[in-house]
Structure formats: structure tokens, C-alpha cells
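Open the model in your viewer and switch to a cartoon view.

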Amino acid sequence: MLTRKQLELLDFIKTRMDRDGVPPSFDEMKDALDLRSKSGIHRLITALEERGFIRRLAHRARALEIVKLPEAMERPGFNPKVIAGDKVDPPRGAMPVSTVHAMELPVMGRIAAGVPIEAISEVSHHIAVPGSMLSGNGQHYALEVKGDSMIEAGINDGDIVVIREQVTAENGDIVVALVEDHEATLKRYRRRGNMIALEAANPAYETRVFPDHLVKVQGRLVGLIRSY
């Protein structure tokens with residue numbers, strides 16, 4: 001028999017999996033159950049696992065398997081499914097997967113796809129990202145896009161871009177560039193001798209050109225997440 005809080009948490013996890021395709025974060029669980037700390041969520045998760053209702057998957061961020069539901073929560077057609085950062089029911093023609101590896105990345109505020117904004121250095125929140133989106137062994141982070149200067153590259157205002165940390169770039173790469181040590185912008189990178197051109201993907205914006213010592217590459221675009 002489950003306690004009221006255990007039932008509330010199990011129902012919240014199930015509802016969020018059905019809606020979003022990924023389990024909620026511990027912070028979201030804490031807020032939903034009006035608990036003061038995440039330690040209470042850890043205890044509830046452990047209790048649900050010990051009673052056989054859920055199973056945590058090792059070495060995967062925010063990966064839970066709902067094994068069964070109590071009679072009070074059973075719904076017609078319920079089948080246990082593993083949710084690990086992707087949708088339960090993929091679109092027709094999508095490749096089937098049994099478990100999708102997901103990682104939590106810090107969202108380091110907003111990045112300008114338009115006129116550069118002040119450099120970003122603080123984490124605003126975290127987001128689950130499919131592991132297949134991450135390239136190589138380097139560090140990654142995410143940024144929320146502000147502006148429309150990259151719309152012809154398929155990057156819209158409000159999108160989340162996934163960035164691989166690196167300090168070099170090839171011509172044509174879309175990069176996070178730090179300009180004069182205080183402005184950050186998302187643009188296409190072009191080197192022309194000792195000059196760096198930061199190109200927009202929108203004819204309404206001009207290409208900006210700087211001496212190479214004024215531009216520092218902070219990372220390269222490797223993925224994009226959009227909410228509808």
C-alpha cells in the first residue's frame with residue numbers, strides 16, 4: 001500500500017511521461033509535491049522502487065521505468081514503457097528505439113541571434129537532451145535563442161541550441177562568438193585572413209567583421225530543440 005505522497009509522485013511522473021515524453025526533474029517533482037528539498041523526492045523514489053512500482057536505469061540521466069501502477073491508478077491499455085529523453089510514440093517512419101539515452105545540460109541563459117547581448121555565464125535551468133545529439137567527448141551546454149537573425153538556418157526565436165565547447169571553428173560553422181570580451185552572439189563563422197566575419201542567416205541583418213583578436217569562439221552548434 002502506498003502513502004498519499006507516494007501516490008501523488010507516481011501519478012505526477014506518469015502524467016509528465018505521457019505529456020512530454022521525458023520524466024520530470026527532481027526540482028519539478030519537489031515543486032509539484034510542495035516539498036522543501038529534493039531529499040524528500042529521493043526518499044519517495046526509493047520507496048516506489050522498493051515496492052516494485054518504478055525502476056531507475058543506471059548511468060542514464062532522468063531515466064525511469066514505470067513497472068506497474070496501483071489499482072487506483074490503472075488505466076485501460078497501460079503497458080510499462082521506458083522513458084529516457086524521447087517521445088513514447090514516435091512519428092510514422094521513425095526508427096524504433098527501446099531506450100533513448102538522455103543527458104541533462106545546463107541552459108546558460110539566452111544568446112542573441114540578432115544584435116549581440118551581454119555575455120552569458122550563469123545557469124538558468126537544465127534540459128534533457130538526447131545523447132545522440134552530443135558530439136565527441138567534449139563538454140556541452142545549451143542556450144535559449146533570442147532574435148531572428150538565423151531564421152534561414154532554421155534557428156528561430158525561443159529555440160534551444162545545443163553547443164559543444166571549443167575555441168576553434170571551420171568556415172561555415174555556426175558558433176557562439178564572444179565579441180570584445182563582453183558581447184555574445186550566435187552567428188555563422190568566416191575567417192578572412194586576420195579578420196573574422198560573423199554572418200547572419202537573415203538578409204535584414206548585416207555581416208559584422210572584426211579583427212580576429214576581438215572574437216573568441218566559445219563553442220559550435222551541434223543540435224537544436226524546439227517546443228511547440
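## The whole protein

Start with everything selected. The model is predicted. Its secondary structure comes to three helices and 13 strands. The accessible surface is about 12900 Å², and carbon and sulfur atoms hold 49% of that. Color by burial: of the 228 residues in the protein, 42% are buried. Residues 24 or more positions apart account for 57% of them.

## Helix α1

Select residues 4-20, which form helix α1. α1 has 17 residues. From its first C-alpha to its last, α1 reaches 24 Å, close to the 24 Å expected at 1.5 Å a residue. Which residues of α1 are buried? Show the side chains of Q6, L9, L10, F12, I13, K14, R16 and M17 to see them. Then step to G21, which follows α1. The phi of G21 is positive, near 85 degrees.

## Where α1 meets α3

Which residues meet here? On the α1 side, select K5, Q6, L9, L10 and I13. On the α3 side, select I41, L44, I45, A47 and L48. By class, this contact has eight nonpolar residues, one polar and one charged. Q6, L9, L10 and I13 are also among the buried residues of α1.

Conventions: Residues are numbered from 1 along each chain as its sequence is written. This is a predicted model: local features need pLDDT of at least 70, side-chain atom pairs count only at pLDDT 80 or more; totals for chains, interfaces and linings use all residues. Side-chain values use heavy atoms; hydrogens and water are left out. Axes are lines fitted to C-alpha atoms, for helices over the stretch in contact, and angles run from 0 to 180 degrees between N-to-C directions. Helices (H or I, at least four residues) and strands (E, at least two) are DSSP runs, numbered from the N terminus. Contact means heavy atoms within 4.5 Å. Ala, Val, Leu, Ile, Met, Phe, Trp, Tyr, Cys and Pro count as nonpolar, Asp, Glu, Lys and Arg as charged, and the others, Gly among them, as polar. The expected span of a helix is 1.5 Å times one less than its number of residues. Buried means under 20% relative accessible area, exposed over 50%, partly exposed in between (1.4 Å probe, protein chains only). Accessible areas come from the Shrake-Rupley method with a 1.4 Å probe; for residues, only the protein chains shown count as cover.
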